[in-house]
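User: I would like to learn how to read pockets and a helix face in a protein model. Could we start with the pockets?

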Amino acid sequence: INAEYMGDAQKGKKAPKVAPKSGKKADTKGSKEKVVAKKEKKPQGPSEALFQSRPKNFSIGNDLPHKMDLTRFVKWPKYVVRQRQKRILLKRLKVPPAINQFHVPAGVHIRNELLKFALKYKPEDKLEKKKRLRKDAEAKLKDPKAPATTKRPQVYSGIQRVTRVIETKRAKLVLIAHDVDPLEVVIFLPALCRKMVRLPSLFSLQEIPYAIVKDKSLLGKLVNRKTCACIAFTQLNPQDKPAFDKLVESVKKTFNDRFDDIKRKWGGM
């Protein structure tokens, strides 16, 4: 083949293509070819899964889409927007100490003890007053000289009455709500409880225990109203004095004794 190719190449002819040699040798004995039987595939029946996947179609008129958080798309009422903006501003601006002290109310334990004690001095409601006056009227019919029944000791409520009680030194404990709006209504009460009072010969501190508690709705329940800015204790039953003294001591440690530190502590940023 090489000689023929060399001769054809000299004459300018192309050499014929030669098939490549196969690696297997031909079977000269003429034996039968081995046929490998292919494994037959079993026909697939219905799926044996317990739950079959059913993809949903969310196009118009078909499956309903999943619930989404649409908070960003809600048009909130103006009062909600204002209170959220106020909350952000109070975090980003420097808050003066007189306002910041209302952001740090009394602890849960002290608050619960104070409210539990104040329930004993809850003002009488309309029904109780009606019963008391009816008893007085019946007693007057039997004896015209019969004395009228006196009211049981109860707390004073309302900014005007509480301020008057503090100025006349009749208040023994003052509770102030931390979330009064506008805050200017009660912002002066802590300073008033620590007011300098001029006596004939010297200056003395008028120490009236006060506490800032959560919140105006809880104080309102004590006086049969929806909300209340502040309440004051003036009269006490003799059997309640030991428990009251313990409460006053804990309140003084939390607020009155720390008054100088509180009035120097700024809030916000």
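Analyst: This is a predicted model. Its largest pocket has a volume of about 640 Å³.

User: What classes of residue make up the lining of the largest pocket?

Analyst: Nine are nonpolar, six polar and eight charged. The second largest pocket, at about 360 Å³, has five nonpolar, five polar and eight charged lining residues. Nearest the centre of that second pocket are Pro-123, Lys-151, Gln-154, Val-155 and Arg-161. Helix H5 (126-142) and strand S2 (156-157) each supply at least two residues of its lining.

User: Now the helix face. Which residues of helix H9 are buried?

Analyst: In H9 (residues 241-256), the buried residues are Phe-244, Leu-247, Val-248, Val-251, Phe-255 and Asn-256. They span an arc of only 110° around the axis, so they lie on the same side of H9. The face turned away from that side carries exposed Pro-242, Lys-246 and Lys-253.

User: What do the buried residues of H9 pack against?

Analyst: They pack against helices H4 (108-118) and H10 (259-262), and against strands S3 (173-177), S6 (210-213) and S7 (230-233).

Note on methods:
Residues are numbered from 1 along each chain as its sequence is written. This is a predicted model: local features need pLDDT of at least 70, side-chain atom pairs count only at pLDDT 80 or more; totals for chains, interfaces and linings use all residues. Side-chain values use heavy atoms; hydrogens and water are left out. Buried means under 20% relative accessible area, exposed over 50%, partly exposed in between (1.4 Å probe, protein chains only). Helices (H or I, at least four residues) and strands (E, at least two) are DSSP runs, numbered from the N terminus. The arc is that of the directions from the helix axis to the C-beta atoms. Contact means heavy atoms within 4.5 Å. On a 1 Å grid over the protein atoms alone, a cavity is a set of points where a 1.4 Å probe fits but cannot get out, and a pocket is an open set with protein on both sides within 12 Å along at least five of seven lines; lining residues have an atom within 4 Å of a point. Grid points are joined across faces, edges and corners, and a volume is the space filled by probe spheres set on the points. Ala, Val, Leu, Ile, Met, Phe, Trp, Tyr, Cys and Pro count as nonpolar, Asp, Glu, Lys and Arg as charged, and the others, Gly among them, as polar.
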